[in-house]
Every structure is written in C-alpha cells, then in structure tokens.
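The sequence and coordinates are shown first.

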Amino acid sequence: MFHIPVMPLETSRYLIGKPGGLYVDCTFGGGGHTSYLLDKFKDIKIVAFDWDEDSSKRFIEREKEFNGRVVFIRDNFKNIKKALSALNINKVDGILADIGVSSKQFGDLDRGFSFNSGALDMRMDKRNSLAAKEVVNSYSCEDLADIFYKYGEERKSKQIASAILLRRKRGIINTASELQAVICSVKRPEGKINPATKIFQALRIFVNSELENLAVLLSDAPELLNAGGRTVIISFHSLEDRIVKHNFKRNSECGIYKTLTKKVVTALKEEVKINPGSRSARIRAAEKTSV
Ligand SMILES: C[S@@+](CC[C@H](N)C(=O)[O-])C[C@H]1O[C@@H](n2cnc3c(N)ncnc32)[C@H](O)[C@@H]1O
C-alpha cells in the first residue's frame with residue numbers, strides 16, 4: 001500500500017458526525033483515509049486536496065475505484081476557501097488534515113526527506129521555488145540558526161549553523177547525506193535518534209511553510225463547516241499540535257467550537273506495531289456549534 005492511514009477508526013469516529021454529507025480530506029497522500037472513509041460510509045462524498053504531483057498521479061490511478069465520489073484538487077490546503085468556492089461549495093460537514101510526510105515522500109530518495117537522500121530538496125510541491133538546498137547553501141548563519149531553533153527546537157542550532165557555514169567554504173552542500181555529515185560533526189547520537197532529526201524537521205517545516213499553512217486552514221475551517229461539522233487534525237510533532245490545541249481552545253471559548261478530544265488521542269500499541277509511523281501521531285477534533 002502507498003500509505004497506511006494513521007488511526008483510521010479514530011479519525012472516522014471524530015470526523016463523521018451524521019449520515020451522508022460532504023467532507024474535505026486536505027491531505028490525500030495515497031488516498032488511505034479517503035478510501036477508508038468511502039468504504040465505511042457509503043453515502044458520503046469527498047473533496048480531496050494534495051499539492052504533491054505524486055499524490056495527484058495516485059489519485060488518477062485510483063479514480064475509477066472512487067466511483068465519482070471524490071473530486072481531487074492539486075493545491076495547497078491553505079487555499080481551501082477559494083478552491084471550494086470555485087466548485088460552488090459553501091459549506092462542508094467535516095475537514096480532515098493528516099499533516100505528516102507520506103511514506104512515499106519519505107522513501108523517495110530524490111525528494112530529500114530522509115537522511116540518506118541523494119537530493120537536498122524537501123519540497124512537497126515541486127512548483128514552489130524554495131528548496132532546502134538553497135536555504136542550506138545561501139542563508140546567513142543567524143537565519144539558519146533561527147530556523148533550526150524555531151522549527152526544530154534544536155539546542156545546538158548556533159553551532160550547527162556555524163558548522164554549515166564553515167563547510168560551505170569547501171563547496172556546495174548537495175545532498176541530504178552531506179548535510180547529515182556536517183550535523184553529526186557537531187552533535188552526537190542520543191539513543192537511537194539520528195542527530196540530524198531536528199534539523200531535517202526544521203528545514204522541511206520551513207521550506208513547505210507547514211505551520212503557516214496549518215494556521216490558515218484552522219482559521220478558515222469554522223466558516224466552512226455546517227453546524228455539527230467537524231475539524232479533525234492529525235499532527236506529528238509538538239509545534240503543530242500546540243497550534244491545533246490553541247485554535248480549538250480559543251474557538252471553544254468563543255462558542256464557535258465544542259472540543260471533542262479533551263486530551264490528545266494517540267495510536268494504540270497494536271497499531272504502532274503494524275504501522276510504526278503512527279507512533280507520534282496525535283488527533284485533535286472539534287465540532288462547530290450551531291452559532
Ligand atoms: C501523511 S500524508 C497523508 C496520507 C493520507 N492521509 C493517506 O492516508 O494516504 C500527508 C500529505 O499531505 C500533503 N500535504 C502536506 N501539506 C499540504 C498542504 N499545505 N497542502 C496540500 N497538501 C499538503 C503531502 O503532500 C502528503 O501527501
């Protein structure tokens with residue numbers, strides 16, 4: 001399978017509040033959640049977003065199996081309002097976003113998401129101009145350190161940024177494995193975790209403006225939901241989860257949402273065994289009130 005959907009049962013329980021209706025899967029990926037939802041709820045339809053060309057190809061390959069119940073839009077989900085309005089859709093019954101990297105993206109060594117990649121790219125949407133290679137090879141030491149600290153919460157951000165600038169004097173850093181070697185010259189492994197993990201995470205978040213996209217989606221979601229409609233977000237690290245938690249809390253205090261997940265929901269041990277990628281996934285869900 002292209003991508004095993006994370007916590008499909010929990011996701012569907014929180015997302016689908018009533019029979020039938022129109023839902024948005026903001027992160028189609030390999031179509032794991034979309035096809036699970038369509039199978040389980042025969043009377044729903046889905047508008048699916050993904051900005052990655054591979055996902056769009058994957059949709060085309062699977063289109064027949066969806067029987068006309070899915071419309072696919074290759075776009076950034078931060079444009080959800082405009083894109084739905086272009087389809088004459090004003091309101092939907094649920095919005096789902098599963099905002100990690102797909103296993104396909106991670107496994108493709110030309111994409112630069114994994115440490116041993118050939119390229120230093122990390123763009124989920126290749127139409128965007130800024131790739132990790134440009135950031136690593138042209139940004140100032142201060143800017144690199146800021147990115148590593150802000151998006152990776154890396155304590156050695158300044159030392160790693162300085163090591164990158166020193167390494168740049170010997171030529172361009174072309175590959176993810178070259179970058180990993182520079183990071184490892186400053187930072188020792190902590191247990192089983194690769195020392196480059198936080199820096200790779202920071203670069204990916206920065207290159208794809210991941211936190212900004214999530215913030216726009218969360219801010220537009222209530223307006224797009226019917227009363228009783230739900231927003232369900234699956235996130236994979238604390239920076240994203242914090243944004244979701246605060247958005248749901250603020251909107252609940254204003255009476256716009258009712259939070260459905262008092263505590264963050266994580267995968268059961270049994271799922272983590274079968275799908276290790278679900279280990280760090282966290283679900284939060286909220287329901288639009290009748291206001
Ligand atoms: C973890 S995967 C989703 C997997 C999917 N739920 C499944 O079960 O197959 C995340 C997907 O979201 C997409 N994505 C991330 N940020 C996006 C954004 N701002 N706009 C559109 N797609 C985005 C990525 O390209 C990737 O394909």
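Domain bounds here come from an automatic or database domain assignment. On that basis the chain is divided into domain 1 (8-104 + 210-288) and domain 2 (129-207). The centres of domain 1 and domain 2, taken over C-alpha atoms, are separated by 31 Å.

The model is predicted: local features need pLDDT of at least 70, side-chain atom pairs count only at pLDDT 80 or more, and totals for chains, interfaces and linings use all residues. Residues are numbered from 1 along each chain as its sequence is written.

**Ligand shell.** A residue is near a molecule if its C-beta atom, placed from the backbone, lies within 6 Å of it. Of the 22 residues around the ligand, P5, T27, G29, G32 and D52 come nearest. The shell divides into six nonpolar, 12 polar and four charged residues, where Ala, Val, Leu, Ile, Met, Phe, Trp, Tyr, Cys and Pro count as nonpolar, Asp, Glu, Lys and Arg as charged, and the others, Gly among them, as polar.

**Helix pair.** Helices (H or I, at least four residues) and strands (E, at least two) are DSSP runs, numbered from the N terminus. The axes of helix 1 (residues 8-15) and helix 2 (residues 32-40) cross at roughly 65° and come within 10 Å; axes are lines fitted to C-alpha atoms, for helices over the stretch in contact, and angles run from 0 to 180 degrees between N-to-C directions. Helix 1 contributes P8, T11 and S12 to the contact, and helix 2 contributes H33, Y36, L37 and K40. Two residues are in contact if their C-beta atoms, placed from the backbone, lie within 7 Å. By class, the contact of helix 1 with helix 2 has three nonpolar, three polar and one charged residues.

**Individual residues.** A residue is buried if 20 or more other C-beta atoms lie within 10 Å of its own, exposed if 12 or fewer, and partly exposed in between, with C-beta atoms placed from the backbone.

| Residue | Other C-beta atoms within 10 Å | Class |
|---|---|---|
| M7 | 23 | buried |
| N79 | 17 | partly exposed |
| M122 | 25 | buried |
| S209 | 15 | partly exposed |

Most residues other than glycine have a negative phi. M7, in the segment before helix 1, has a positive phi near 40°. S209, in the loop between helix 10 (197-207) and helix 11 (210-224), has a positive phi of about 45°.

N79 lies in the loop between strand 3 (70-73) and helix 4 (80-86). M122 is in the loop between helix 5 (103-107) and helix 6 (132-138). Leaving aside neighbours within four places in sequence, M122 is in contact with G112, F113, A131, A132, L203, R204 and V207.
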